[in-house]
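This report looks at one protein chain. Please have the sequence and the model open while reading.

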Amino acid sequence: MSGFTAPSDQPRDSFLSSAVQLVSAANIYAISSYTAFAKRFPAVNSISASRWDWTVTVASVFMAATRLSDLRIDESREEELMSIVVAELLGWNTTGVAGFDDCKSFFERTYDGLAESDSYRLDRRFLASDSVGSWIFWNLLDRPPSSEEERMLTRSLGIAVTHAFFDWWKVD
């Protein structure tokens, strides 16, 4: 066992590994989710696979990053992890960071706006997922949802991405 050094801070190592793997995992999730959504929602068939992959990947990375900030870890540690995520985003796609920033600002505006409505005041269960789902829908179709099926797609996208990356930083 010469040369092996046992990690002294397991969560730190787990977080570093998660930061490095996040963009790749989000991209794999995006690519693999297209067919299932296309089968359930015919509108998805009109969206190019590359547009789908980019949009769902960015939204997934954003949701994981949002959860990281919710963990309330040391600010310098969060910055270190996010710098890794940003580097991975840039390596994946040169427009990934701009997309992340757009998703973040859209999400915050939408979340705050929806939170003021009566329906979300009574039941906040879908507030975050509907906010990110709205960004995804806008970026896939360049418009807001206009039918019940499209609103269901928006919610389904948001729920799927939120659920898939909610516990990304989970430490066992």
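## Confidence

This is a predicted model. The protein has a mean pLDDT of 91, and 92% of its residues reach 70 or more. Among the parts of the protein, helix 6 has the highest confidence, with a mean of 97. Confidence is lowest in helix 5 (residues 118-122), where the mean is 85.

Where pLDDT is low, the predicted coordinates should not be read in detail.

## The nonpolar core

The largest nonpolar core consists of 45 residues. Within this core, Trp52 and Trp169 have the most contacts. At least two core residues come from each of helix 1 (10-40), helix 2 (49-70), helix 3 (75-92), helix 4 (96-115), helix 6 (127-141) and helix 7 (148-165). Helix 2 contributes the most, with 11 residues.

Leaving aside residues up to four places away in sequence, Trp169 touches a set of residues that includes Phe15, Leu22, Ala64, Leu68 and Val85. Ser18 and Arg67 are also among the residues touched by Trp169.

## Helix 3

Helix 3 has 18 residues. From first C-alpha to last, helix 3 reaches 25 Å, close to the 26 Å expected at 1.5 Å a residue.

Which residues of helix 3 are buried? They are Arg77, Leu81, Met82, Val85 and Leu89. Viewed down the axis of helix 3, these buried residues fall within an arc of 125 degrees, so they line one face of the helix. Exposed residues Glu79 and Gly91 sit on the face of helix 3 turned away from its buried side.

Notes. Residues numbered from 1 in each chain as written. Predicted model: local features only at pLDDT ≥ 70, side-chain atom pairs only at ≥ 80, totals over all residues. Heavy atoms only, no water. Core = buried A, V, L, I, M, F, W, Y, C linked by side-chain atoms within 4.5 Å. Buried < 20%, exposed > 50% of the residue type's maximum accessible area, 1.4 Å probe, protein only. Helix = DSSP H or I, 4+ residues; strand = E, 2+ residues; numbered from the N terminus. Contact = heavy atoms within 4.5 Å. pLDDT = per-residue confidence, 0-100. Expected span 1.5 Å × (residues − 1). Arc of directions from axis to C-beta.
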